[in-house]
Amino acid sequence: MSQLKPPGLLAVAWMIARKDLAIEYRTRSAFFSSLVFSLLGVSIFYMVWDPTAVRPIDMAPGVLWTIFAFAGMLGLHRTFGLELQTRAMDGLLLAPVPREAIFLGKALANLVYVSSVLAITIPAVVLFYNLEFGSGLLILGGIGLLAAIGLVSVGTLFSSMTVHTRFAELLLPMLALPFFIPVVVPAAQASAKLLVGAELQTVLPWIQVLVAFDLMFGVACVLAFPFTIED
Amino acid sequence: MSSASAAVAPAPKPVAVCETVALVRRFGRRRAVAGVDLSIAAGECLALFGPNGAGKTTLLRLLAGLLRPTSGEVRLLGTPLTSAAAAERGRVGLISHQSMLYDVLTVEENVAFAARLHGVPDVGSATAAAIARLGLQGRELTPVRALSRGWQQRVSIARAIVHGPALLLLDEPYTGLDVSGARALTDLLRSLRDDGSSLALITHSVQEGLGLATHAAIMLEGTIRRYEPASGLDPVEFAEAYRLLALESAA
């Protein structure tokens, strides 16, 4: 078979993302564990909240983005874990595909999964804290997407770095959580401003921080990934 | 050039599909592969014997490009593996101890995924052909986790050959196969070899290995201690020589 045509970067990324999403759809393990964690987190924060001491608009953004960071983390370990169970990763590395495409495929699948969890968590927080975003809800969705891109870029890279270690489930949060701070802080600040009905211009600087983080860490993680899988 | 002068010209040396030059791989202070020179031409099958820890699997992973050599070089179709084009690197197939399959996906999905990754033009036909070659018809839609170890091994082999590799690396491929599965695998490997594919086979069974091989080698402590054409080799004598070398090495 001499007429093999190695697929391009985006084609491979899409193949890998589709494969990972098909596996997640059939097992639903990462999605459901993150979703249950999110909803439990929102409930617990709601139960310990004293509405006479703290206003909901002061409480809700912190709750939403803290839960987002921890819930997102839950599924990230699985990203490369499922490739190691039967050394399926060797199959990916043997194929004539750019290593960067493996990262992009994994990150894309994670983005879908994290965004899906966020799409349920945001309405849950809105309901529990009786918030009124109005048209700001769309902007909040956009902020969520930007935050998710930052989280999965860093999280996917660290998942690849830690998966071979004995304490992967402990190491991943220890390494990744500090890098989530520049994602969580601007996302929470932007949401807080949206909640008080601030002008878009006052929200924009925080959105710019998120965009800058995504671009910088997105590119850095793609470039760093091949070094994490060298044996 | 006259036909006479052409007649006396030396026969061209067969192009090596895979070649190693002074190949060394260290893990810390231990040398798992300690200077291996090998050459496998098209249509050749090298059976590699050796006790556990001899460095056979490391050598195979070096040939596959899954490990970087500490020194020395692996050449695939004449090009150093590290600088080979993607299409050339993709002409290697590997069957390892582990299935390298996704348990949740079906037989067909696993094989088709490998075909797509390698850029096989007609994924459907190639997948169906590989599945048929391993006798997996009727199980296409079965998730891999629902199959026994032996059937999983067949899927693993289908995944490894779906792109028609020029070099097929096999690390104890008979593990988990029943008698009919083992016979089917031997027939398949023989037909691949006869079609011009090169094979490197690690096995502990001298009988199975010599039945397929064009060349046989014994590896001990990271080095090739014995290397010879398999034709005319007496399996009993070879097995005894292997046993003695292993004992000598252990001592």
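Reader: Which residues does A112(B) touch, not counting residues up to four places away in sequence?

Author: Two residues are in contact if their C-beta atoms, placed from the backbone, lie within 7 Å. By that rule A112(B) touches V123(B) and T127(B), leaving aside residues up to four places away in sequence. This is a predicted model, in which local features need pLDDT of at least 70, side-chain atom pairs count only at pLDDT 80 or more, and totals for chains, interfaces and linings use all residues. Residues are numbered from 1 along each chain as its sequence is written, while chains are lettered from A and ligands numbered from 1 in the order in which they are written.

Reader: Is A112(B) buried or exposed?

Author: A residue is buried if 20 or more other C-beta atoms lie within 10 Å of its own, exposed if 12 or fewer, and partly exposed in between, with C-beta atoms placed from the backbone. A112(B) has 23 other C-beta atoms within 10 Å, so it is buried. It lies in helix 4 of chain B, residues 107–117. Helices (H or I, at least four residues) and strands (E, at least two) are DSSP runs, numbered from the N terminus.

Reader: Which way do strand 1 and strand 2 of chain B run?

Author: Two strands pair if DSSP finds at least two bridges between them. Strand 1 (residues 16–27) and strand 2 (residues 30–41) of chain B run antiparallel and are joined by 9 bridges. One of the bridge pairs sets R25(B) against V33(B) in strand 2 of chain B. The two strands form a hairpin with 2 residues between them, and G28(B) in the turn has a positive phi of about 65 degrees.

Reader: What is the strand order in the open sheet of chain B?

Author: The 6 strands of that open sheet follow the order 6-7-8-3-9-10, with mixed pairing. Strand 9 (residues 215–220) of chain B pairs with strand 10 of chain B in the antiparallel sense over 6 bridges. Across that pairing, A217(B) stands opposite Y227(B).

Reader: How many helices and strands does chain A have?

Author: Chain A has 8 helices and 0 strands. Its radius of gyration, taken over C-alpha atoms, can be set against the globule rule, 2.2 Å times the number of residues to the power 0.38. The value for chain A is 19 Å, close to the 17 Å that the rule gives for 231 residues, so chain A is as compact as a globular protein of that length. Of its 231 residues, 47% count as buried.

Reader: How many residues does each chain give to the contact?

Author: Chain A gives 25 residues and chain B gives 30. On the side of chain A that touches chain B, helix 1 (9–27) and helix 4 (88–94) of chain A each give two or more residues. Helix 1 of chain A has the largest share, 7 residues.
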